[in-house]
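These are my notebook entries on one protein chain.

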Amino acid sequence: MAFDIDMIKGVYANMAERVDKARELVGKPLTLSEKILYSHLWDGSPTKVFTRGKDYVDFAPDRIACQDATAQMALLQFMQAGKPKVAVPTTVHCDHLIQAKSGAAADLKTANSTSAEVFDFLESVSNKYGIGFWKPGAGIIHQVVLENYAFPGGMMIGTDSHTVNAGGLGMVAIGVGGADAVDVMAGMAWELKFPKLIGVRLTGKISGWTAPKDVILKVAEILTVKGGTGAIVEYFGPGAKALSCTGKGTICNMGAEIGATTSTFGYDESMERYLRATDRADVADAANAVKEHLTADAEVYENPEKYFDQVIDIDLSKLTPLLNGPFTPDLSTPVGKDMTKKATENEWPMQVEWGLIGSCTNSSYEDLSRASSIAQQALDKGLKIKAELGINPGSEQVRYTAERDGILGIFEKLDAKIFTNACGPCIGQWARYSDPKNAPKNSIVHSFNRNFAKRADGNPNTHAFVASPEITAAIAIAGRLDFNPMEDTLINEDGQEVKFDEPTGWELPPKGFEVEDAGYLAPIEDGSGVEVVVSPESERLQLLEPFVPIKNEELQGVKLLIKAYGKCTTDHISMAGPWLRFRGHLDNIANNTLIGAVNAFNKKTNLVKNQLTGEYEGVPDTQRAYKAKGIKSIVVGDHNYGEGSSREHAAMQPRHLGVAAVLVKSFARIHETNLKKQGMLGLTFANENDYDLIQEDDTFNFLDITDFAPDKPLTIEVVHADGSKDTIMANHTYNEAQIGWFREGSALNVIKKENAA
């Protein structure tokens, strides 16, 4: 039986009335996205039409999911909210703090030892506040959510950008910062700008070597890393219905890489099969009773141009396997000769040293079975694998079932390393090198979602390419980046030329899923007696102090901290990898603030000019010097600033150190919201060319901050070292409530004030 079945039935009980009312108000047929949004309004039944991309709307999500790296800060904030229990079903999943090194058993044992303090904290907080707890080794948050909690037509938020994976089961599932999650845990509304809508019509049917992963790799090529910003991507058409549920999840998962708010699919038979296979027949039965509301109205998919802001057409029958990368998930290349040409021209290493299969994107039973069919062919055809191979199963249920069915054994015969059911290399938790900064130039191929520089192994010279699990397996066996398994042959150990057959696999395990211990701990009914202990001497955990509001007078004489050049993701602002251990200690993790950002003036990382001394120092060191003198600072950035992971640390750390404002050409959605939540100014250049006016010794005066108001740009005076000045205009998207967060110091301060009233 499903978790929280009564909640799910309650959502469905209200759906027909709310969808009908929304359709009446809008005056036209509705997309699936609109049905879910309008049926989850905080005020209940719809009373007005919202303008896409403009109106801020209060929603009531059905549930929350947190992974261990972000849960620490989210729960530390929730502990300040003064609530005895979370207001909506919430879970914590321990999947980020397990480093991949030796293999599953040894790595899990090490994690349970080195991160015991954090795991114990999360378990006790979960027990105290009514939160479901998934132990280390239980699985990757998004696969576990798909198997246990996701349901068609639902709305959930999660403190990880790949929460969007649940769109594979027809949800509107959105990645948020921890402060957003705290709002909902505390029984408050969750605010989101009503998204625009992008429709992707899938025709034809994938076959052979092409996989669902290739669909999103193609969409990433079309839309780029910021083309989906502020929009929900809704997939439909006969090609969509032909995809498996976990295949849909893969496509939605990587929607985070195009900046989309989320992605989703309408409820269909593949979702029903998956629900029943994962012991949720009760959810399938409930969904079937309202299934006309769990997909778009027929007219929408018949004439999508009338109802979506943008429509993309992809014929799956013509789609071929792709490799995306390196260093960005939207640089797409067909496998084979195109890669030969491109890699040669760009001097990408042709030899592949590692193939990695798994992560939250491609770690389902279907993914492992299709990749194992290639591994089995290598064994049968006498091929010796040329690259190393690593496997991260998505959950203990997937791992146990795959081991039972001999799938993992096939990989092991190829000397693959089976890592823990955790994120591992996908988030930089990979002990590949003892000195990653000075590691050699090399190429790897993986079925993960992100491939930013240093993302997997900390090595800036690792060229990471994203592919489907089956292509990853084939390229790892061949050991060449430009290997095309559809055409190329390999020489086996007997000197014979052999060729791979097309991959095969199972959508769902023929003998059903099975697991002995899924790794779930339910909270006690009354957690009031549970004591949460955080040692003042801890290096890993630190109780939070409320942020103090930034006064108007502090926004005069603001110093430039860094002018970031080019791509500046949350990985650049707050690195993962070895820094993950400090995710619960704000002051300690603040020592990595912006150390990955490239300084526009010297093109170096972690080296900026301290205007107080004239010396060049690390970014956190410089900022701590400003803080000691009571001086606020500003960060200037390029386009899509803060793309990538949802980690709110990328906002909390600068705030903690005294950064008052971030001024950029454009923001990634989650990061802009995170800045607002922490009581900072997130601003964009009204004229993008003004970015070029900013000089290394600049001081900023916010001339009209006293008149900070919605839809009114701010005027900033930029004073240069020679005394000359430029006046620039900065746009913002703050509404009245968000300006209230700024004036009070943070959104959490507002919650505490309201709870105390």
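I began with Lys454, which counts as partly exposed because its relative accessibility is 31%; buried means under 20% relative accessible area, exposed over 50%, and partly exposed in between, with a 1.4 Å probe and protein chains only. I then noted the basis of the entries: this is a predicted model, in which local features need pLDDT of at least 70 and side-chain atom pairs count only at pLDDT 80 or more, while totals for chains, interfaces and linings use all residues. Residues are numbered from 1 along each chain as its sequence is written, and side-chain values use heavy atoms, with hydrogens and water left out.

I found Lys454 in the loop between strand E17 (442-446) and strand E18 (462-466). Helices (H or I, at least four residues) and strands (E, at least two) are DSSP runs, numbered from the N terminus. Lys454 is not a glycine, yet has a positive phi of about 70°.

Asp415, also not a glycine, has a positive phi of about 65°. I placed Asp415 in the loop between helix H17 (407-413) and strand E16 (417-418). Asp415 counts as exposed because its relative accessible area is 65%.

I checked the peptide bond from Gly325 to Pro326 and noted that it is cis, with omega near 0°. Pro326 lies in the loop between strand E12 (322-324) and strand E13 (332-334).

**Whole chain**

I recorded 25 helices and 30 strands for the protein chain. The C-alpha atoms fill a box of roughly 75 × 60 × 55 Å along the principal axes.

Of the 757 residues, 64% count as buried. Among contacts (heavy atoms within 4.5 Å) between residues at least 6 apart in sequence, 76% join residues at least 24 apart.

**Nonpolar cores**

I looked up the largest nonpolar core and found 175 residues. Such a core is a set of buried Ala, Val, Leu, Ile, Met, Phe, Trp, Tyr and Cys residues joined through side-chain atoms within 4.5 Å. Tyr12, Leu202, Tyr235, Phe411 and Leu481 have the most contacts inside the largest core. A second, separate core of 27 residues includes Leu560, Ile634, Phe685 and Tyr691.

I located Thr261 in the loop between helix H10 (245-253) and strand E10 (262-265). Thr261 counts as buried because its relative accessibility is 2%. Beyond its neighbours within four places in sequence, Thr261 is in contact with residues including Val164, Ile174, Leu192, Ile232 and Arg669.

Met729 is in strand E30 (residues 725-731). At 34% relative accessibility, Met729 counts as partly exposed. Outside four places in sequence, I listed contacts of Met729 with Thr684, Phe685, Ala686, Asp690, Pro713, Leu714 and Thr715. I also noted that Met729 and Ile562 are 167 residues apart in sequence and 19 Å apart in space, C-alpha to C-alpha.
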